[in-house]
Amino acid sequence: MGASGELGGALARSYARRGCGLVLWGRDRVRLDRIAGVCRELGAANVAVQSLDLTDLAAAKTALEQADEAAPFDLAIFASGLGDVRAPGDRIESADLVEQLGRVNFLAPSTLAAQLAERMTGRERGTIVLVGSAAGFHSLPFAAAYAATKSGLARFADALRIAAAPHGVTVTHVSPGFIDTAAARRVPGPKPFVLSVDQAARRIAEAADLGKAHVVMPWPFGLLRMIAALLPRALSDRLLRSLAPPLPPAG
């Protein structure tokens, strides 16, 4: 899921090289078709595409059930998501933005992962990967909705892992830092330890292969998480406020 995005496309190519059969989901049908063509050339056993919008969750649930009935999933990667920051001039993120990110970043992936986990546990096999963000470790005042939805997804992924493990299903949660995508490049400010989409895809696939519970990548973001937890609240608040990206120049 999220195959029409840059990270999702890189993941699709990675599994195509292994000769896997693929079901690519995303919003942009033109990009999906293009990625599907590349995956066929790379050796994918077969490739199907499904264009849908995760804000229509009822349609997504129906599509997932139908796809899993037709060819049961061995592995599902939920890599879709939206990122945004507080609009210039706003003191607080808009309610509409909070709602949108809540639906796409938390409600849709957690609902669909739960639906698929129920089916996989009945078969006593399968792997689910939920792609979150290192932003979920921090209360970012300029990206509250993004940080909160990724934090919620992290807790959900861990709870789902604990519930599904006795029934032969693995759940892996991935918390990447900065990934070099067009969307990330549009956000001003430094991006330390940035990963290419191919690097991120390779590490996600490795984590899924190993059945890891949680992977933070690259490793400095895990260290930052531990350091942040030790800071006094007042100091942490000042630091987080200072991280707001600079506003674009007027005009």
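Visitor: Which residues are buried in helix α8 (residues 220-230)?

Guide: In this predicted model, Pro220, Phe221 and Gly222 of helix α8 are buried. The label "buried" is given to a residue with under 20% relative accessible area. Part of what covers the buried residues of α8 is β6 (214-217).

Visitor: What makes the protein chain as compact as a globular protein of its length?

Guide: The protein chain has 9 helices and 6 strands. Its radius of gyration is 18 Å, and the globule rule gives 18 Å for 251 residues; the two values are close, so the chain is as compact as a globular protein of that length. Along the principal axes, the C-alpha atoms fill a box of roughly 50 × 45 × 30 Å. Of the 251 residues, 40% count as buried.

Visitor: What share of the contacts with a separation of 6 or more joins residues 24 or more positions apart?

Guide: Such residues account for 70% of those contacts in the protein chain.

Visitor: Why is Arg155 called exposed?

Guide: The relative accessible area of Arg155 is 64%. Exposed means over 50%, and therefore Arg155, at 64%, is called exposed. Arg155 has its place in helix α5 (residues 144-164). From C-alpha to C-alpha, Arg155 lies 12 Å from Val131, and 24 residues separate the two in sequence.

Visitor: Why is Cys20 called partly exposed, and why does Cys39 count as buried?

Guide: Cys20 has a relative accessible area of 26%. Partly exposed covers the range between the 20% limit for buried and the 50% limit for exposed, so Cys20 is called partly exposed. Cys39 has 0% relative accessibility, which is under 20%, and therefore Cys39 counts as buried.

Visitor: How large is the accessible surface of the protein chain, and what percentage of it belongs to carbon and sulfur atoms?

Guide: The accessible surface comes to about 13,200 Å², and carbon and sulfur atoms hold 55% of it.

Visitor: How far apart are the mean positions of the positive and negative charges?

Guide: The protein chain carries 28 positive and 23 negative charges, and their mean positions are 6 Å apart.

Notes: Residues numbered from 1 in each chain as written. Predicted model: local features only at pLDDT ≥ 70, side-chain atom pairs only at ≥ 80, totals over all residues. Heavy atoms only, no water. Helix = DSSP H or I, 4+ residues; strand = E, 2+ residues; numbered from the N terminus. Rg over C-alpha atoms; globule rule 2.2 N^0.38 Å. Buried < 20%, exposed > 50% of the residue type's maximum accessible area, 1.4 Å probe, protein only. Contact = heavy atoms within 4.5 Å. Areas by Shrake-Rupley, 256 points an atom, 1.4 Å probe, with all protein chains shown as cover. Lys, Arg positive; Asp, Glu negative; His and termini not counted. Charge placed at Lys NZ, Arg CZ, Asp CG, Glu CD.
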